[in-house]
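Here are some friendly notes to read beside the model.

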Amino acid sequence: MTLSFGTDGVRGAAPEALNPRFVNCLAVAASEVLSVDRWVIGRDTRESGPALSEAVIAALESMQRVAIDAGVAPTPTIAHLAKVEDCAGVVVSASHNPWTDNGIKIFAPGGRKLHDHEQTMIETRLHELLGDQSVTSLPVSSALRHPNPMGSWIESINAALENRTLNGMRLVVDCANGAASEIADTLFSDLCAQVEIINAEPNGRNINDDCGSTNPAKLKAVVQSSQADLGLAFDGDADRLIAVASDGAIIDGDRQLCLFANDMAQRDLLLERKVVITEMSNLGLRQALELADISTIEVPVGDRNILAQLEEGAATLGGEQSGHIVFWDYATTGDGLLSGALLADLVVRSGQPSSDLARDAMLQLPQVLVNVPVTVKSSDFPLKVQQEIQAAQDRLTDNGRVLVRASGTEALIRVMVEAPDERVARSEAQRLADVIQAAMR
């Protein structure tokens, strides 16, 4: 099966599906469609990253493009470089996926993610190239190295804090053995925080392994044992943040978004008092924002959908429960380190413990998520599944929500049920999962 664009680039097992030839063809297709002369390439810490980055570079140079290698770098760093240097960008990363996967994310000049029509054109050309057996893997070439890929990006984070420091803040930072491993300590120490770094020893195979934003249990334990003020957990490419309050409570993307929206509104920084959320956003977030007289714009899951609204000027703040928070005034994509710095700054300015801020931000309704493996990615559900979804929503009435959707990156159907009682939510979610598994296996 040929890989295709999901909610955030192209991902697949490496090298079984995502191999140098595939990446060569994808880079050539992207180069033809975007017609950009200069490209900057970064990657996370996966074992397959160097070879796939070299494949991208070789393909771009074969198209007479200038390819600049930024080495290991967070996704938001590459997006920032694409913006300030007016070039295109490629990130070799599968984000929060295990080390056995890898992926390709592409940024157009200006640091923006691809529009739908650009993705379609690239996919069409990709399939043509893959079908041409005369097209083989291009030879590896040596690229130009970027002289200082982190410099202006770090400066932009400092500017977002309006040159305030985090003096006195005790932070624990979980780098997920990923792209933030070499830069997080420098960034937060330079902001005058007291920093303890964990999971920052990548070996190519431990990225996201029982750590980072997808598993903050160790971070929670360290925050509590060290009596830190705040914990910050990134994913493999550091474009998302899950935080831990001083009492060990998880501050997910919804709770972060609520804190940021209220803080920005109070400082007259929230455009039109609007926030972009997704269909997965907790009902408690919606209720809290409504009480604060902040309206919401709901879009499908995926930060590309959030970014589309921000790019159109509908709002300047948006985010996902998973921890992708986008501050359009400062960045063109989710940036876990920017979010972490701004969250720590918010805590410092408030003069309150992060535990109190997180607790009081919103009342979170129990939300149960079940991932159902399927043989083929599809959003077309059989009639039996559609009927069962409606029946579950009818039983919950207006006191809960049911959302069933196909994953944009994996062969999974994601079932979400929200209800005031967690036992009810869990029962309804499992009932739906069983029906889906029987109907779509």
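1. A word on terms before we start: a residue is called buried when its relative accessible area is under 20%. Please also keep in mind that this is a predicted model.

2. Let me begin with Thr 77, which sits in helix H3, the stretch covering residues 75-84. Is Thr 77 buried or exposed? Its relative accessibility is 0%, so Thr 77 counts as buried. Setting aside residues up to four places away in sequence, Thr 77 touches Pro 149, Met 150 and Trp 153.

3. That takes us to helix H5, residues 151-160, where Trp 153 is among the buried residues. Gly 151, Ile 154, Ser 156, Ile 157 and Ala 160 are buried in H5 as well. Against which helices do the buried residues of H5 pack? The partners are H3, helix H6 (184-190) and helix H11 (336-350). Just after H5, have a look at Glu 162, which takes a positive phi of about 55°.

4. Next, the cysteines. How many disulfides does a search of the whole structure find? The search comes back with zero. As a reminder, a disulfide is a covalent bond between the sulfur atoms of two cysteines. For Cys 175, the closest cysteine sulfur is in Cys 211, and the 9.4 Å between the two sulfurs is too far for a bond. The cut-off used here is a pair of cysteine sulfur atoms within 2.5 Å. Cys 175 is also buried, at 0% relative accessibility, and Cys 25 is buried with a relative accessible area of 2%.

5. Leaving out neighbours within four places in sequence, Ala 261 is in contact with Leu 270, Val 275, Leu 289, Ile 294 and Leu 317.

6. The largest cavity has a volume of about 130 Å³. It is lined by 14 residues, and those closest to its centre are Asp 263, Met 264, Arg 267, Tyr 330 and Leu 342. H8 and H11 each supply at least two residues of this lining, with H11 giving the largest share, four residues. What classes of residue make up the lining of the largest cavity? Eight are nonpolar and six are charged, with no polar residues.

7. The second largest cavity has a volume of about 110 Å³. Its lining holds 13 residues, and Pro 76, His 80, Tyr 330, Ala 331 and Thr 332 lie nearest its centre. H3 and H5 are the elements that give two or more residues to this lining, and the largest share, four residues, comes from H3. By class, the lining of the second largest cavity divides into seven nonpolar, four polar and two charged residues.

8. One link to look at as you finish: Tyr 330 is among the residues closest to the centre of the largest cavity, and Tyr 330 is also among those nearest the centre of the second largest cavity.

Conventions: Residues are numbered from 1 along each chain as its sequence is written. This is a predicted model: local features need pLDDT of at least 70, side-chain atom pairs count only at pLDDT 80 or more; totals for chains, interfaces and linings use all residues. Side-chain values use heavy atoms; hydrogens and water are left out. Buried means under 20% relative accessible area, exposed over 50%, partly exposed in between (1.4 Å probe, protein chains only). Contact means heavy atoms within 4.5 Å. On a 1 Å grid over the protein atoms alone, a cavity is a set of points where a 1.4 Å probe fits but cannot get out, and a pocket is an open set with protein on both sides within 12 Å along at least five of seven lines; lining residues have an atom within 4 Å of a point. Grid points are joined across faces, edges and corners, and a volume is the space filled by probe spheres set on the points. Ala, Val, Leu, Ile, Met, Phe, Trp, Tyr, Cys and Pro count as nonpolar, Asp, Glu, Lys and Arg as charged, and the others, Gly among them, as polar.
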